[in-house]
Amino acid sequence: MEMFHKEDFKDNRSVDPEKYTFSLNGRKPISLEEKRKLGGGYIPLLQTSIPEKLRPYNPYEETADSSHKAFTTTFPRGFALEILHVYSGPPVIVYKFRHWGYMEGPFKGHAPTGDKIEVYGMAIFTLDENSKIVKVEFFYDPAELLGGLLKGPKFDGSAEDAVASCPVLRNTG
């Protein structure tokens with residue numbers, strides 16, 4: 001939560017901003033500053049090597065604001081992170097997670113479906129002697145997330161048109 005809500009790295013209490021690195025699926029680790037330059041939030045979590053013309057969501061064209069808006073609009077009730085199993089404790093914490101929510105808003109021109117979208121993965125957090133996070137590694141298939149968000153029909157109209165096609169939201173008045 002600190003990554004989303006604190007402007008100054010020095011205000012982070014859970015990470016060491018000088019040592020912190022993040023990597024996704026074995027990619028080269030990036031620093032906190034590099035993560036911020038990417039746009040923070042979901043952008044580093046959706047890095048891809050898929051050819052640009054085939055990307056349904058291009059994290060390199062997003063900003064922190066556009067990415068945040070896309071996902072909060074798509075998941076108006078939230079996109080929960082659930083820790084399913086912790087395999088090891090500090091200083092190296094390895095766990096299995098599920099990230100899930102209901103697609104009740106449009107995503108990149110696709111109408112909402114009301115479906116539960118789930119992504120499973122593993123994460124490794126390494127802590128220093130002060131119990132601050134110095135290394136984060138995530139392993140999961142971003143296509144599991146994006147595939148579920150693209151199931152709704154494409155629309156060219158407004159977000160209201162997309163909401164009207166959603167089996168959940170069309171009945172909310």
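Trainee: How many bridges join S1 to S2, and how do the two strands run?

Mentor: Two bridges join strand S1, residues 21-24, to S2, and the strands run antiparallel. Keep in mind that this is a predicted model.

Trainee: What else does the chain hold, and in what sequence do its elements come?

Mentor: The chain has five helices and six strands. From the N terminus, the elements run α-β-β-α-α-β-β-β-β-α-α.

Trainee: Now the whole chain. What share of the residues counts as buried?

Mentor: Of the 173 residues, 41% count as buried. The accessible surface comes to about 9900 Å². Carbon and sulfur atoms account for 54% of that surface. For contacts, look at sequence separation. Take contacts between residues at least 6 apart in sequence: 54% of them join residues at least 24 apart.

Trainee: Which residues form a nonpolar patch on the surface?

Mentor: Leu81, Ile83 and Val86 do. Together they have about 260 Å² of accessible area. Take Val86 as the example. Val86 has a relative accessible area of 48%, so it is partly exposed.

Trainee: On to salt bridges. How many does the count come to?

Mentor: Nine salt bridges. Start with Lys19 and Asp128, whose closest N and O atoms are 4.0 Å apart. Lys19 lies in the loop between helix H1 (2-5) and S1, and Asp128 in the loop between S5 and S6, so the pair ties together parts that are 109 residues apart in sequence.

Trainee: Are those two partners buried or exposed?

Mentor: They fall into separate classes. Lys19 is partly exposed, at 42% relative accessible area. Asp128 is buried, at 11%.

Trainee: Where do Arg98 and Glu82 lie?

Mentor: Arg98 forms a salt bridge with Glu82, with the closest N and O atoms 2.7 Å apart. Arg98 is in strand S4 (residues 92-102) and Glu82 in strand S3, 16 residues apart. Arg98 counts as buried, at 13% relative accessibility. Glu82 counts as partly exposed, at 31%.

Trainee: What does the pair of Asp115 and Lys151 tie together?

Mentor: The closest N and O atoms of this salt bridge are 3.0 Å apart. Asp115 lies in the loop between S4 and S5, and Lys151 in the loop between H4 and helix H5 (159-164), so the pair ties together parts that are 36 residues apart in sequence. Asp115 counts as partly exposed, at 29% relative accessibility. Lys151 is exposed, with a relative accessible area of 56%.

Trainee: Which residues do salt bridges with shared partners join into one network?

Mentor: Asp16, Lys19, Asp128 and Glu129.

Technical notes: Residues numbered from 1 in each chain as written. Predicted model: local features only at pLDDT ≥ 70, side-chain atom pairs only at ≥ 80, totals over all residues. Heavy atoms only, no water. Pairing = 2+ DSSP bridges. Helix = DSSP H or I, 4+ residues; strand = E, 2+ residues; numbered from the N terminus. Patch = residues over 30% accessible without salt bridge, like charges linked within 9 Å, V, L, I, M, F, W, Y side chains within 5 Å. Areas by Shrake-Rupley, 256 points an atom, 1.4 Å probe, with all protein chains shown as cover. Salt bridge = Lys/Arg side-chain N within 4 Å of Asp/Glu carboxyl O. Buried < 20%, exposed > 50% of the residue type's maximum accessible area, 1.4 Å probe, protein only. Contact = heavy atoms within 4.5 Å.
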